[in-house]
Amino acid sequence: MKTAIITDSNSGITQKEGKELGIFVLPMPFIIDGEPYFEDINLTQEEFYEHLKNPETNVSTSQPSVGDVLDLWNGILKDFDEIVHIPMSSGLSQTCETAIALAKDFGGKVHVVNNQRISITQKLSVFDAMKLRDRGKSAAEIKEYLEASKFDSSIYIAVDTMKYLKKGGRVTPAAAAIGSILKIKPVLQIQGEKLDKFALARSLPKAKEIMKESITKDLRVRFRELTANGDMVLAVAHTANYKEAEHFSRELREALPDIPFTCCDPLSLSIACHIGPGSLAVGCVRILR
């Protein structure tokens with residue numbers, strides 16, 4: 001069987017990287033002042049943040065249209081026997097549920113993976129899918145593995161400002177105003193389906209300390225057996241904050257020298273839209289060896 005692998009741009013995999021890897025990347029749409037833009041097609045990371053920082057510009061997330069998804073699948077199935085489609089977490093968007101519903105009309109040729117991941121963890125799920133495909137596994141077997149291991153990951157995000165959380169309705173204007181005065185840095189978490197609040201810090205160094213302690217606890221307690229077997233890796237991500245992310249990466253490498261380190265990537269723009277620039281994130285995830 002010739003198996004195609006599809007993900008969306010929430011994975012952090014660019015169109016160019018997708019071509020180099022031999023996979024397909026569905027671009028996520030954004031609505032900017034009422035006009036649709038597509039990540040890595042006619043909207044770069046730099047352009048996205050310029051729009052996001054402009055107080056007079058309205059930026060919101062959207063999901064791919066049904067027509068775009070169907071066109072992609074039908075085009076791919078002209079050259080492939082089956083598809084593994086790995087969208088962003090169903091807890092963060094309707095994209096996954098929509099794809100699952102559409103796949104029912106493809107007679108078992110399209111397998112949509114609901115593995116509750118996004119950004120750096122989603123990207124590593126794609127790499128696992130590629131390994132399994134190259135080992136001769138079917139689309140159904142790849143889906144089974146990715147969904148069985150879906151909760152073997154954790155992400156913590158330190159948010160630089162509450163401005164964008166307020167804009168998205170995640171905190172009240174009063175809480176955002178107090179947070180701004182006190183210079184509060186919220187720490188959010190993704191452990192499975194949703195983006196939830198985790199802790200509050202009075203400075204970025206304190207937020208980094210919280211994240212370092214939390215990810216260490218996850219590795220040593222929650223994922224103890226996987227860590228002992230060498231199956232867990234670390235990754236740092238950011239929203240337009242590369243220099244700080246590099247510095248944080250060095251701190252983590254020193255604190256956890258026995259854990260493999262994979263990347264220092266931009267966070268998904270779908271997350272960035274809700275938390276704004278200047279954020280830092282650390283994640284750990286199980287990988288297939």
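Q: Going by class, how many nonpolar, polar and charged residues make up the lining of the largest cavity?
A: There are 4 nonpolar, 4 polar and no charged residues. Here Ala, Val, Leu, Ile, Met, Phe, Trp, Tyr, Cys and Pro count as nonpolar, Asp, Glu, Lys and Arg as charged, and the others, Gly among them, as polar. Bear in mind that this is a predicted model, in which local features need pLDDT of at least 70 and side-chain atom pairs pLDDT 80 or more, while totals for chains, interfaces and linings use all residues. Residues are numbered from 1 along each chain as its sequence is written, and side-chain values use heavy atoms, leaving out hydrogens and water.

Q: How many cavities of 30 Å³ or more are there, and which residues line the largest?
A: Rolling a probe the size of a water molecule over the atoms shows where empty space is left. A cavity is a set of points, on a 1 Å grid over the protein atoms alone, where a 1.4 Å probe fits but cannot get out; lining residues have an atom within 4 Å of a point. Points are joined across faces, edges and corners, and the volume is the space filled by probe spheres set on them. The count here is 1 cavity of 30 Å³ or more, and the largest holds about 40 Å³. Its lining is Leu26, Gln63, Pro64, Val69, His85, Thr95, Thr98 and Ala99. Helix H4 (residues 95–103) gives the largest share, 3 residues. Helices (H or I, at least four residues) and strands (E, at least two) are DSSP runs numbered from the N terminus.

Q: What order do the strands of the open sheet take?
A: Strands pair if DSSP finds at least two bridges between them. The order is S4-S3-S5, with antiparallel pairing. S4 (35–38) and S5 (59–61) are at the edges with a single partner strand each, so one side of each lacks a neighbour in the sheet. From one strand to the next, the twist averages 30°. Follow Ile32: its bridge partner is Glu35 in S4 and Val59 in S5. Phe30 has Tyr37 as its partner in S4.

Q: At what angle do H5 and H6 pack?
A: Axes are lines fitted to C-alpha atoms over the stretch in contact, with angles from 0 to 180 degrees between N-to-C directions. H5 (residues 120–134) and H6 (residues 139–148) pack at about 145°, axes 10 Å apart. With contact meaning heavy atoms within 4.5 Å, Ser125, Asp128, Ala129, Leu132 and Arg133 in H5 meet Ile142, Tyr145 and Leu146 in H6. These divide into 5 nonpolar, 1 polar and 2 charged.

Definitions and conventions: 1 Å grid on protein atoms, 1.4 Å probe; cavity = no way out; pocket = protein on both sides within 12 Å on 5 of 7 lines; lining within 4 Å.
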